[in-house]
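Q: I am new to this structure and would like to go through it step by step. Could we look at it together?

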Amino acid sequence: MIICITAVFSTDIVFHSSRYHRFVSLQTLAPVKMADVLQPDSNSLQIPSENVSTPSSPATARNDCSITPLTPSPSPRVEVRPRMACPFSVVIAIDFGTTSSGYAFSFTQDSEAIHMMKRWEGGDPGVANQKSPTCLLLTPELRFHSFGFAARDFYHDLDPEEARHWLYFDKFKMKIHSTSDLTMETELEAVNGQKVRAIDVFAHALRFFREHALKEVKDQSSSVLEGDEIRWVITVPAVWRQPAKQFMREAAYLAGLVSPDCPEQLLIALEPEAASIYCRKLRLHQVIDLSMQPITNGLELDVSRPFDSSFRQAREQLRRSRHSRTFLVESGTGELWSELQTGDRYVVADCGGGTVDLTVHQIEQPQGTLKELYKASGGPYGAVGVDLAFEAMLCQIFGEDFIQSFKAKRPAAWVDLMIAFEARKRTASPGRTNALNISLPFSFIDYYKRHRGQSVEAALRRSNMNIVKWSSQGMLRLTQEAMNELFQPTISKIVKHIEELMTKPEVRGVRFLFLVGGFAESPMLQKAVQKALGRTCRIIIPHDVGLTILKGAVLFGLDPTVVRVRRCPLTYGVGVLNRFVEGRHPRDKLLIKDGREWCTDILDRFVSVDQSVALGEVVRRSYTPARLGQRKIIINIYCTATDDVTYISDPGVRKCGTITLDLPEPLPPPGAVGGAGAGTPERREIRATMQFGDTEIKVTAVDVMSNRSVRASIDFLSN
C-alpha cells in the first residue's frame, strides 16, 4: 500500500492514503509518506549520549507534532555503492587536535606514498615537532596573526601590558565537545578574557593549514592543480555529536577549503576509525607490543602473497632516512594481520589531548574492509585532564584567587608556565625516582610576592604539600608521588572505560588493543593499560603513534568505502500522529480533529542506537506539500541515547535538527494548456533519502513526478 502523508505549511496538515483521509492541526512541521519501505528490523535501534532536554508535549503546545505513519517504520534499505576510482588528484588530511595539529597528503596516482607536512620551526627542546601546537593568535583588531609555534613564541615575547590586548587561543577544540547547545554564534574566550565567535577561530586555523598544505602540494606536483581536484579530510573525535561535525564542515566552508556547493570534496573522518584504517597496514617492525604474554618476534609470513621486492627496498630506504617525511604503506593489509582469522575483533583506543575515543572493528578478509561492531564510546579523558590537575594543585598551594588573577594579569607568563609543565609531563614515567623540575616564570614569583607579601617558598611550606618541593634555582620539584597524583584521575577513567567496553558481548574475546593518539606516548598511560589488560589481549602501539590518525585520514580520503558497516550512535526519528487507542495511549496525548481521535508525539524511528548500518543503506520517506505553490517543507528530527522510548516528549529525547526540502516550481503536465481545462493538478510526491552509514548524516531528495532533484539540507546547528 502506498501511503501519502501531506505536509506542512502553517497550521493544517493533510494525510492521504487509500484507506484514510485525515486532517490534523499542526504548526511547524511537515508530513511523511513512506514509499519503497521494508518491514522494520526488531534489532534496529540504539545511540551515544547527548545532553538532553525534555520538550513540551505537542499535545498541549501544538507546534511540534508532525507526521502520521500509516505503514510500519522501515529498516534502512541497501543501495550498493560500488567502489569508484578516486575522482581527485590529491587528498589532503588535517588532523585538528586539542593540543597539536598537522596535515599530510597523498597523490592519487601514487597512493602508497603519504607525505607528512614540513617540520615546524620553533618548538620545545627534546620534543619531536612532527605537528604544531593548536594555538592561535589574533591581533587586538581581531585579525589573524599566527598559528602554532609562531603564535606561541610571538605571544611569549610580547610586553606583559601589550599581551593583555592580544587574543591567544589554546586547546580551544574542547569547547566544541563540551557545548551542548552549539550554534554558529557560540563564542570562545581568549586567554585575556575577550570573546570571539568560535566558527571564526576555527576558520582562521583551517585557512592557515589550507595555505601551507597547498603551497607544499604545489611544490611537489608536476602539474597545476585546480581547486576541484583536491579532496580535503578533517578529523574529529568519534564521540562528537552531529552538531559538532557540522560545525567543522561550516568552518571549512568559511576557510575556503571547499565550496558549500561541492560538499563531496570534504570528508569528516572519525579519529579512531582513521587510526584503525592505518593499523590494517602495519608490519611487525612498525609496532611496540606491550602485552605481558610471550611476544613472538617472528610471525609466519604468507609467502604465497606476491610482494614487490623493489617496493620493499624503496620502503626500507625511506624508513632508514631519519629526515624523510614520506611514508610508504602496504597496498593490502600488513603482516601483523596474518594471525587474524575471519571474525576476529580488535579495539582502537585513541587517547588524545582532549578526548579518548574507543572503536571496535572487525577486519573482513580478503577485501580488507572494516566493520564496526559496537558504537563509538569515550569521553573527555584526554591529556588535558593532567594539565587541569596541575592547575588545581597550584590553586591548592598558592590560592585559587591568586592563580585566576595571575592568568588575567599575566596571560603570556601563564602560557609559559603551562608550556614548561607540558615538556616535563612528557618525560614522566612510572619507574622514575628523581623529581621533575618545572621552572616558574620570574613574573610568577614576583607577582606572588607583591600580591601576597611573601615568597613562593613560604607558600609551599604553609601548604603542607610534601610531595612538591622548592628549588633555590626557581623551580617546583614534583616528586613521583606528585606526578602519580596528577596523572591518576585521568588514567583511571581511561582504563575503566576500556575495561567496561571489554565486558560487552560484542567485544568479548578481542585479540588486539591498539593504543594511538598523542597521550598514548605517555609511559604512565602505557604502564597502567599494560597492568590492567596485558593478560587478556595484545596491546599494540604503532611507531610514530602521534601520526597514526593523520596517516589513516589520508587513506580514508583515498577510499571512503573502507569502513563498510558502522553503528549508529543515537536513535533518530520524527514525531508522528497515530490513531488513538484507549488504554494503550495516555489521555494527555489525545488530539481530536474533525471527530477523529489521534495520539500525538509518537517517535517514528529512522534508525536506532547501536544499529548496524552498512555504507549505502538508506531510509526513505515521501512528503506531499499541503497546498499548491508551497516552496518549503521543514521536518524536525529528534534523537535519544536509548531505544526504550515511545514519545518525543519522553525523558532523554530532544529535538536535534531539521530537514529542509526546497520545492522547485512544478512542471506543467504534458499537454496542459492552462485555465479551467487544465484539470486538477496531480498531488506532488517529494521523496527524501537519508544515509546514516557515513560519518555524517546526509539527505537527498527528488520530485517523483518530474524526477528533478530537490534541494535538501539537514541542520543540527540551529536549535
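Q: Which helix does Lys-425 lie in?
A: Lys-425 lies in helix H11, residues 411–425. This is a predicted model, in which local features need pLDDT of at least 70 and side-chain atom pairs count only at pLDDT 80 or more, while totals for chains, interfaces and linings use all residues. Residues are numbered from 1 along each chain as its sequence is written, and side-chain values use heavy atoms, with hydrogens and water left out. Helices (H or I, at least four residues) and strands (E, at least two) are DSSP runs, numbered from the N terminus.

Q: Is Lys-425 buried or exposed?
A: Lys-425 is buried, with a relative accessible area of 6%. Buried means under 20% relative accessible area, exposed means over 50%, and partly exposed is in between, using a 1.4 Å probe and protein chains only.

Q: What does Lys-425 touch?
A: Leaving aside residues up to four places away in sequence, Lys-425 touches Ala-383, Val-386, Asp-387, Met-483 and Phe-487. Contact here means heavy atoms within 4.5 Å.

Q: How many helices and strands does the protein have?
A: The secondary structure comes to 16 helices and 36 strands. Of the 719 residues in the protein, 55% are buried. Among contacts with a separation of 6 or more, 74% are between residues 24 or more positions apart.

Q: What is the mean pLDDT?
A: The mean pLDDT of the protein is 78, and 76% of its residues reach 70 or more; pLDDT is the predictor's confidence in each residue, from 0 to 100. Over residues 1–75 the pLDDT is below 50, and this stretch has 289 contacts in the model beyond near neighbours in sequence. Residues 78–83 also have a pLDDT below 50, with 13 contacts in the model beyond near neighbours in sequence.

Q: Changing topic: how many residues of strand S19 are buried?
A: Strand S19, residues 356–364, is mostly covered, with 9 of its 9 residues buried. Val-356, Leu-358, Val-360, Gln-362 and Glu-364 point one way from S19, while Asp-357, Thr-359, His-361 and Ile-363 point the other way.

Q: How does S18 pair with S19?
A: Strand S18, residues 345–351, pairs with S19 in the antiparallel sense over 7 bridges. Two strands count as paired if DSSP finds at least two bridges between them. Ala-349 stands opposite Leu-358 in S19, and a hairpin joins S18 to S19 through 4 residues.

Q: And which way do S19 and S20 run?
A: S19 and strand S20, residues 369–379, run antiparallel and are joined by 8 bridges. The bridge partner of Val-360 in S20 is Tyr-374. S19 and S20 form a hairpin with 4 residues between them, and Gly-368 in the turn has a positive phi of about 80 degrees.

Q: What is the order of the strands in the open sheet that contains S9?
A: The order is S10-S9-S11, with 3 strands and antiparallel pairing. The edge strands are S10 (144–147) and S11 (167–170), each of which pairs on one side only. Strand S9, residues 135–138, pairs with S11 over 4 bridges, and the bridge partner of Leu-137 in S11 is Tyr-168.

Q: Where is Glu-696 found?
A: Glu-696 is found in the loop between strand S34 (686–691) and strand S35 (698–703). Glu-696 is buried, with a relative accessible area of 10%.

Q: Which side chain makes a polar contact with that of Glu-696?
A: The side chain of Arg-249 does so, at 2.8 Å. A polar contact is a pair of N or O atoms within 3.5 Å; within protein, one must be able to donate a hydrogen and the other to accept it, and residues adjacent in sequence count only if both atoms are side-chain atoms. Not counting residues up to four places away in sequence, Glu-696 touches Gln-242, Lys-245, Arg-249, Ile-268 and Gln-691.

Q: How many residues of helix H7 are buried?
A: Helix H7, residues 271–279, is mostly covered, and 9 of its 9 residues are buried. Among them are Pro-272, Ile-277 and Tyr-278.

Q: Lastly, where does Asp-200 lie?
A: Asp-200 lies in helix H5, residues 198–220. Asp-200 is partly exposed, with a relative accessible area of 25%. The C-alpha atoms of Asp-200 and Leu-254 are separated by 8.0 Å, and the two residues are 54 residues apart along the chain.
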